[in-house]
Amino acid sequence: MDGLLLTDELVLLAYDDGGVNRLGRPHLDYGLAGAVLLELALARRVEVADKRLVVTDPSPTGVPLLDEALTTMGSGRPRKPKDWIGKLAKGLPDRVLDGLVVGGVLRRESDRVLLVFPRTRYPSTTGAEPSVETAARERMVAALVGDGPVDARTAALLALTRAVGLDRKLFRELPKERVKARVTEIAAGDWASAAVKKAIEEMQAALMVATTTAAAISVTTTS
């Protein structure tokens, strides 16, 4: 596979220019797990059958992050997407961020807030928005303001950002109703196989359940 993965693009979009995660945890963790599932669906390694993810092709993709997930899913019984999201999410943000640091896209900065609380930030190596992030953002905006066909990877990235609530932060300059209507239109379009589209639909639903549940638990434990 060439270029950035959906996991890389989601992390870059989730972190602001100061290197701080504006999506929060565990939303980013779950979103990245969903991105892994979508990458495998786009690579025709998994599909949804009877509401469960099934490995249809166990051959390696050549990407360790994806191949480990593929092996994990292929070693047990088929599960619903929401079950895999919880299992695959652990440690994903750190792995993706490490890869972007090694690749020279981001840098790691550690300090302490109020001289006490440790903090790690991931700003870009240039101090400006990484060009690959700009390209992903422009690709999505073009899809939202246009009315033509959309490629599968852009449609998948839009589905991810919507499922974790990142779309509201990314597209503030666009009319809210236009964004909502266009994403729905893209989801219904003829841009991918039925198997991939089904996987995206199930992943979106699973992510929304996972993030809503996490938010509810957070409110309960802090009140």
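These legends describe close-up views of charged side chains in a predicted model. Local features need pLDDT of at least 70, side-chain atom pairs count only at pLDDT 80 or more, and totals for chains, interfaces and linings use all residues. Residues are numbered from 1 along each chain as its sequence is written, and side-chain values use heavy atoms, with hydrogens and water left out.

**View 1. A positive surface patch.** K51, R52, R77, K80 and K87 form the patch. Patch members have over 30% relative accessible area and no salt bridge, and like charges are joined within 9 Å. Lys and Arg count as positive, Asp and Glu as negative; His and the chain ends are not counted. Each charge is placed at NZ of Lys, CZ of Arg, CG of Asp or CD of Glu. Accessible areas come from the Shrake-Rupley method with a 1.4 Å probe. R77 sits in the loop between α3 (64–74) and α4 (81–88). Helices are DSSP runs (H or I, at least four residues), numbered from the N terminus. R77 counts as exposed because its relative accessibility is 56%. The classes are buried (under 20% relative accessible area), exposed (over 50%) and partly exposed (in between), with a 1.4 Å probe and protein chains only.

**View 2. A salt bridge between R95 and E68.** The closest N and O atoms of this pair are 2.7 Å apart. The pair links distant parts of the chain: R95 lies in helix α5 (residues 92–102) and E68 in helix α3, 27 residues apart. R95 is partly exposed at 39% relative accessible area. E68 is also partly exposed, at 41%. A salt bridge here is a side-chain nitrogen of Lys or Arg within 4 Å of a carboxyl oxygen of Asp or Glu. The whole structure holds 11 salt bridges.

**View 3. K82 and D83 in a salt bridge.** Their side chains meet at 3.5 Å, N to O. K82 has a relative accessible area of 45%, so this residue is partly exposed. D83 is partly exposed too, with 29% relative accessibility.

**View 4. R182 paired with E185.** This salt bridge has its closest N and O atoms 3.2 Å apart. R182 and E185 are separated by about one helical turn because they are three residues apart in helix α9 (residues 176–188). R182 is buried, with a relative accessible area of 3%. E185 is partly exposed at 42%.

Notes
Patches are made of residues with over 30% relative accessible area and no salt bridge: like charges are joined within 9 Å, nonpolar side chains (Val, Leu, Ile, Met, Phe, Trp, Tyr) within 5 Å. Helices (H or I, at least four residues) and strands (E, at least two) are DSSP runs, numbered from the N terminus.
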